[in-house]
Amino acid sequence: MVAKSVVCVFALSLAGTVSGGTVTFHKDVEPVLQKHCQTCHRPGEVGPMPLLTYAEARPWAKSIKQATATGRMPPWGAAQGAPHAFGNDPRLSQDELAVLRAWADGGAPEGNPKDAPKPKQWVEGWDMGEPDRVFQPSSPYKVPAKGTVEYTYYIIPNAFKADTWVKGVEIRPEARRVVHHVIAYVRSPKSSWLKDYPAHTYFVPDHRSREEKPREEKAHEWREFLVGYAPGYRSSVWQSGRAKFVAAGSDLVYEIHFTTNGTEFEDKTLVGMQFAKEPPAERVMTNAVMNPRITIPPGADDHKEEAAIEMLQPAKLVALNPHMHLRGKAFEYRLTYPDGRQETILSVPKYDFNWQLNYEFSKPLELPKGTKIECTAWWDNSPNNPYNPDPKVEVKWGDQSWDEMMAGFFEMAFDRNVDPSTLYRYVRRNTPQQSASAVR
Ligand code: HEC
């Protein structure tokens, strides 16, 4: 690396140099951009400008310094100091931050092109390898040049004719510039979720029905989060011996968040899947610690709600993904182990609706039977929240962005013979009207 030590870089960075001499684009900056930025900042991807060449990066030197110093780039919501590392943590090291700072402060020199690292090779086509099956809407969605597009849904009915073990999934939007997130859900034949809506067409749920609240313990039969896409995502392939189960007759439901950027696009997002030839040892499932009874008063700037589950069987916790809508402010997951030990495994102090980020543990956490997963969510329903669609209304659970959600998604691996309805139970819900009766 460039710097021998952090202290050294800090000491000299103001002069645009580090211990190895003047900080230049090719020698010092390009490797950092390759590693942390070009996944999104290259043509066709979501980043507003490419950062591949000196000519492209040079005008952005000061913004790059600022966006990285404030932690706005690369996007990541977890507070520092989480007790268990996240394998997909994209944050820059202190040395890398110092390099970008020194480069900007030193007038952003190019340096010698001979010092440049080899250009990064980007995978064209499927990152996970060839899928066994590919799903795709039959018609494109026309993303307008301007305005806000509500969360858009698309249902492919009876996508799975037989019980299926899915060992890998990859979501590939076509218009990556304007696709900010996609969740591929599986809807079991027993589910009533979005049942009033037609298949094979894009729609935004247009009523404010509260009937579709999930029954928490059976949430996986209401809808199961198969896999999520956000910019920078590559693919989800579970470790050998692990796969997700999809029951025969299930539908595939897309939830897509398009953002407009001044140009019209058409998108037909692909979902590729690889199937396990044999049932795996462990089933992987993504579920959520939910509180469908949230009630956020008008104007409240720090409204808090909680939800908690207790493991009835041992499992491994693989990843977390907090989900709220436009009024979401902060989110936290805590574990309380059977011996009373507690730890905050994820704290997102400044929740950002625009980045639906997945936090993947470097090493899955063992959850002994009796472990509790507790989630707390905070919302800002005041006029100070610039994203707030209406600070004057009481807000409840719903699919639309002007409704709210409290879903602490978690991905778990457990013995495939365990019936997921017996994996955990809800133990406590702290909303004022529920606190006593909700304890089961
Ligand atoms: C996961 C995708 C992603 C990654 C990784 C990423 N960016 Fe970005 N970047 C974006 C998007 C999308 C925007 C525009 C929206 C926004 O500002 O949030 C953006 C905006 C920016 C801006 C602000 C541009 C403006 O209009 O002011 C800068 C500067 C920037 N990125 C630099 C970087 C640098 C430097 C890195 C690597 C250290 C990086 N980004 C990594 C997606 C990404």
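How many residue pairs are in polar contact between domain 1 and domain 2? In this predicted model, the count is four residue pairs, both residues of each pair being at pLDDT 80 or more.

**View 1. Division of the protein chain into domains.** The protein chain is divided into three parts, with domain 1 spanning 6–115, domain 2 spanning 124–280 and domain 3 spanning 284–440.

**View 2. The area buried between domain 1 and domain 2.** The size of an interface is often given as the accessible area lost when the parts come together. For domain 1 and domain 2 the area buried between them is about 560 Å², of which 52% lies on carbon and sulfur atoms. On the side of domain 1, the residues that lose the most area to domain 2 are Gly44, Glu45 and Val46, which together account for 70% of what that side buries.

**View 3. The salt bridge across the interface.** One salt bridge is found across the interface of domain 1 and domain 2. Glutamate 45 forms a salt bridge with arginine 176, and the closest N and O atoms of this pair are 3.0 Å apart.

**View 4. Cysteine 37 and cysteine 375.** Cysteine 37 counts as buried because its relative accessibility is 14%, which is under 20%. Cysteine 375 is also buried, with a relative accessible area of 0%. A search of the whole structure finds zero disulfides.

Methods
Residues are numbered from 1 along each chain as its sequence is written. This is a predicted model: local features need pLDDT of at least 70, side-chain atom pairs count only at pLDDT 80 or more; totals for chains, interfaces and linings use all residues. Side-chain values use heavy atoms; hydrogens and water are left out. Domain bounds come from an automatic or database domain assignment. Buried area is the accessible area (1.4 Å probe) that two parts lose on being put together, summed over both. A salt bridge is a side-chain nitrogen of Lys or Arg within 4 Å of a carboxyl oxygen of Asp or Glu. A polar contact is a pair of N or O atoms within 3.5 Å; within protein, one must be able to donate a hydrogen and the other to accept it, and residues adjacent in sequence count only if both atoms are side-chain atoms. A disulfide is a pair of cysteine sulfur atoms within 2.5 Å. Buried means under 20% relative accessible area, exposed over 50%, partly exposed in between (1.4 Å probe, protein chains only).
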